[in-house]
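Please read it alongside the sequence and the 3D view.

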Amino acid sequence: MNKILLTTLSLATAISLNAAVLATAGDIKVTDEDIAPLLQPQGGMHGMMGDVKVSEADKKNMVDNVIKYKLLVKQAKDSGIQKDPEYKKSMDMMADSLAFQVWQKKEFDKVKVSDADAKKFYDENADKLFMKPDEVKAKHILVDDEKKAKEIIAKLAKVEKSKLKDEFSKVAGAESKDPTAKQNGGDLGWFSKNQMVKEFGDAAFALKDGEMSKTPVKSDFGYHIILKEESKKAQKVPFDSVKDMIKESLKGQKFQQEITTKSDELFKKANVKYTK
């Protein structure tokens, strides 16, 4: 819906501008507005990346393709296609679809959801929908060989507790096969149990803060040595950080309910007769 509306607005804007003529073919003209859409970066990044840079040859090719398209359109119109019943039927269908889409947008814009509505929904659903689970912050060293893992554990077990974190990071940078370990010393940041493979998640959450795994933890990736740094209990996501998301969701639900109610009302009032 939005794409069609935005396209319509773009066309209206283009008509209001004094577009520069790039080429002509008889009474056909190609302007800079005709090829402007072809110069837009993909993925809606225009404005962040700026205009796409194209060579003169590529630009000429675009112009040529637009001319060919307009020549074909002229050919189609000259053939009398606009009088064809199929053309008229398609135009009617497109007109109906566009009318409905524009009307839906206007009706959607009328729907209001207050902060109080959002807060009520948050309070009623916070424990189910807006809870951050228990999390831990940990480092790991990953190796292929269990014997190697045991050797690293034995070495690190001799390190003073106050120096363990730094020494662990050094060993991770030198020994871990995790490709990021050389840059971050095996740091995994904060994560919940289900964000990791089961064996790793279970082992990490079973450790105490500041404790290192006493035996290698085997997973499909290899053998892990884990250093659990910190932990925090599950907590509610602050209302302000999800308020806008809740309001948009409630607005969509409210709009859908209103459309359903409206269609049911119109259906009941209509003189519907079934022929079969």
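H140 stands opposite I226, a residue of strand β7. Helix α9, residues 198-206, packs on the sheet and is in contact with β4, β5, β6 and β7. The direction of α9 makes about 45° with that of β7. The model is a predicted one, and its protein chain has ten helices and eight strands.

**Chain totals**

- Of the 276 residues in the protein chain, 27% are buried.
- Among contacts in the protein chain with a separation of 6 or more, 67% are between residues 24 or more positions apart.

**The four-stranded sheet**

- Four strands make up an open sheet in the order β5-β4-β7-β6, and their pairing is antiparallel.
- At the edges are β5 (187-191) and β6 (217-219), each of which pairs on one side only.
- From one strand to the next, the twist averages 40°.
- As a general point, strands of a sheet pair through backbone hydrogen bonds, in either a parallel or an antiparallel manner.

**Strand β7 and its partners**

- Strand β4 (residues 135-143) and strand β7 (residues 222-232) run antiparallel and are joined by nine bridges.
- Besides the H140 and I226 positions, L142 stands opposite H224 of β7.
- On the β6 side, β7 pairs with β6 over three bridges, again in the antiparallel sense.
- K218 has Y223 of β7 as its bridge partner.
- Two residues lie between β6 and β7, and the two strands form a hairpin.
- How many of the eleven residues of β7 are buried? Eight of them are, so β7 is largely enclosed by the rest of the structure.

**Residue I141**

- I141 is located in strand β4.
- Its relative accessibility is 0%, below the 20% cut-off, so I141 counts as buried.
- Not counting residues up to four places away in sequence, I141 touches Y223, H224 and I225, and also I152, L156, F168, V171, A172 and S176.
- I141 and G222 are 81 residues apart along the chain, and their C-alpha atoms are separated by 10.0 Å.

**Residue E146**

- E146 belongs to helix α6, which spans residues 146-157.
- Is E146 buried, partly exposed or exposed? With a relative accessibility of 34%, E146 counts as partly exposed, because the range for that class lies between 20% and 50%.
- Leaving aside residues up to four places away in sequence, E146 touches P216 and Y223.
- E146 and P216 are separated by 70 residues in sequence, while the C-alpha to C-alpha distance in space is 6.8 Å.

**Helices α5 and α10**

- In general, two packed helices are described by the angle between their axes and by the distance between the axes.
- Helix α5 (residues 115-129) packs with helix α10 (residues 239-269) at an angle of about 105°, and the axes are 9 Å apart.
- That angle makes α5 roughly perpendicular to α10, because the range for this class is 65 to 115 degrees.
- On the α5 side, the contact is made by D115, D117, A118, K119, F121 and Y122.
- On the α10 side, F239, V242, K243, I246, K247 and L250 make the contact.

**Aromatic pairs and charges over rings**

- The structure contains seven aromatic pairs.
- In the pair of F191 and F200, the ring centres are 6.1 Å apart and the planes are at 55°, so this pair is tilted.
- Both F191 and F200 are buried.
- F121, Y122, F130 and F239 are linked into a cluster by ring pairs.
- Three residues of this cluster, F121, Y122 and F239, also take part in the contact between α5 and α10.
- K119 lies over the face of F239, at 5.9 Å from the ring centre, and both residues belong to the contact between α5 and α10.
- K232 lies over the face of W190, where the distance from the ring centre is 4.2 Å.

How values were computed: Residues numbered from 1 in each chain as written. Predicted model: local features only at pLDDT ≥ 70, side-chain atom pairs only at ≥ 80, totals over all residues. Heavy atoms only, no water. Phe/Tyr/Trp six-rings, centres within 6.5 Å; stacked < 30°, edge-to-face > 60°. Buried < 20%, exposed > 50% of the residue type's maximum accessible area, 1.4 Å probe, protein only. Lys NZ or Arg CZ within 6 Å of the ring centre and 35° of its normal. Pairing = 2+ DSSP bridges. Axes fitted to C-alpha atoms, helices over the stretch in contact; angles between N-to-C directions. Contact = heavy atoms within 4.5 Å. Parallel < 35°, antiparallel > 145°, perpendicular 65-115°, else oblique.
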